[in-house]
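Open the model in your viewer and switch to a cartoon view.

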Amino acid sequence: MVFPPELRALYLIHDGVQGADLDEFGEQPFAPAGEDDPWHRRANAVDFMPNGQAWLPLAHVINAHGGILAALSGQGTVPYVPVTASAKYTMMEGTYLDPATGALGTWGDAQGPQSLRAGLADWLEDGSAALAEGRPTGMFGMCPYLSPTGDGLTWFDPDPTYAQDGWRPVPH
C-alpha cells in the first residue's frame with residue numbers, strides 16, 4: 001500500500017503521539033478521581049486532533065488497527081489507513097484515510113467505515129483555522145477546549161455543559 005503524499009509528509013514530520021497505545025496508556029480506571037486524575041491528564045494530552053482523538057504512531061497503525069479495519073471492511077487486506085483513534089475511549093473508534101481516493105472516513109467497533117468525502121490536508125487546515133479562531137470545525141462541528149488542568153486540548157460538540165466540568169473553550 002502506498003500512502004498519499006500528505007500522509008507521508010505528516011509522518012515524516014512527526015510519528016504520532018506517545019501514549020496512544022493502551023499498553024503505554026493503561027486502561028481507564030474504574031472510578032477515576034476526576035479531571036485531575038493522572039489517567040485523565042494523560043488522555044487530555046494525547047486526544048488533541050480536531051476530532052478529539054490521538055494521532056496514531058505509524059507502528060501502532062500497522063500493528064494494532066490493521067485487523068480491526070480489515071474485519072470492518074470485510075476484506076482480507078486493509079484497504080484503509082487509520083490515522084486517529086480515541087485513547088480516552090480505549091481505541092474503539094477513529095478516523096481513517098482511504099489511499100485509493102485520498103478521502104478520510106470514520107470507523108468504530110460497532111459501525112462500518114463511513115467516508116467523509118474530504119481529504120487529510122483539508123481536515124487539518126479546517127482544524128487549524130478553527131483552533132486559531134476559537135470556532136467549530138467545518139467537518140465534525142467540534143469546538144476546541146482547554147482541559148481543566150490547562151495541560152490538554154480536545155474537541156467537543158458545542159455544548160455549554162463541558163464548561164461545568166472545568167473545560168474552557170479556546171477564545172475567539
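How many bridges join strand β3 to strand β4? Select residues 93–97 for β3 and residues 103–108 for β4. Five bridges join the two strands, which run antiparallel. Keep in mind that this is a predicted model.

**Along β3 and β4**

Show two residue pairs here. Thr95 has Thr106 in β4 as its bridge partner. Gly94 is partnered by Trp107, also in β4. Now follow the chain from β3 into β4. The two strands form a hairpin, with five residues between them. Stop at Gly102 in that turn: its phi is positive, at about 80 degrees. Then colour β3 by burial. Four of its five residues are buried, so β3 is mostly covered.

**Out to both sides**

Next, select β2, residues 81–85. Four bridges join β2 to β3, and the pair runs antiparallel. Pick Pro82 and look across to β3: Tyr96 stands opposite.

Ala103 has Gly119 in β5 as its bridge partner. A hairpin of two residues links β4 to β5.

Now show the whole sheet. What is the order of its five strands? The order is β1-β2-β3-β4-β5, in an open sheet with antiparallel pairing. The edges are β1 (54–55) and β5 (111–119), each pairing on one side only.

**The helix on the sheet**

Select α6, residues 120–133. This helix packs on the sheet and touches β2, β3, β4 and β5. Line up your view with β5: the direction of α6 makes about 75 degrees with that of β5.

**Into the core**

In soluble globular proteins, nonpolar side chains tend to be buried together. Which residues have the most contacts inside the largest nonpolar core? They are Leu7, Tyr11, Trp55 and Val83, in a core of 21 residues. At least two core residues come from each of α1 (5–13), β1, β2, β3, β4 and α6. The largest share, three residues, comes from β2.

Centre on Leu7. Leaving aside residues up to four places away in sequence, Leu7 touches Trp55, Val81, Val83, Leu97 and Leu120.

For the last stop, select Ala130, Leu153, Trp155 and Val170. These are among the five residues of another core, which lies apart from the largest one.

Notes: Residues are numbered from 1 along each chain as its sequence is written. This is a predicted model: local features need pLDDT of at least 70, side-chain atom pairs count only at pLDDT 80 or more; totals for chains, interfaces and linings use all residues. Side-chain values use heavy atoms; hydrogens and water are left out. Two strands pair if DSSP finds at least two bridges between them. Contact means heavy atoms within 4.5 Å. Axes are lines fitted to C-alpha atoms, for helices over the stretch in contact, and angles run from 0 to 180 degrees between N-to-C directions. Buried means under 20% relative accessible area, exposed over 50%, partly exposed in between (1.4 Å probe, protein chains only). A nonpolar core is a set of buried Ala, Val, Leu, Ile, Met, Phe, Trp, Tyr and Cys residues joined through side-chain atoms within 4.5 Å.
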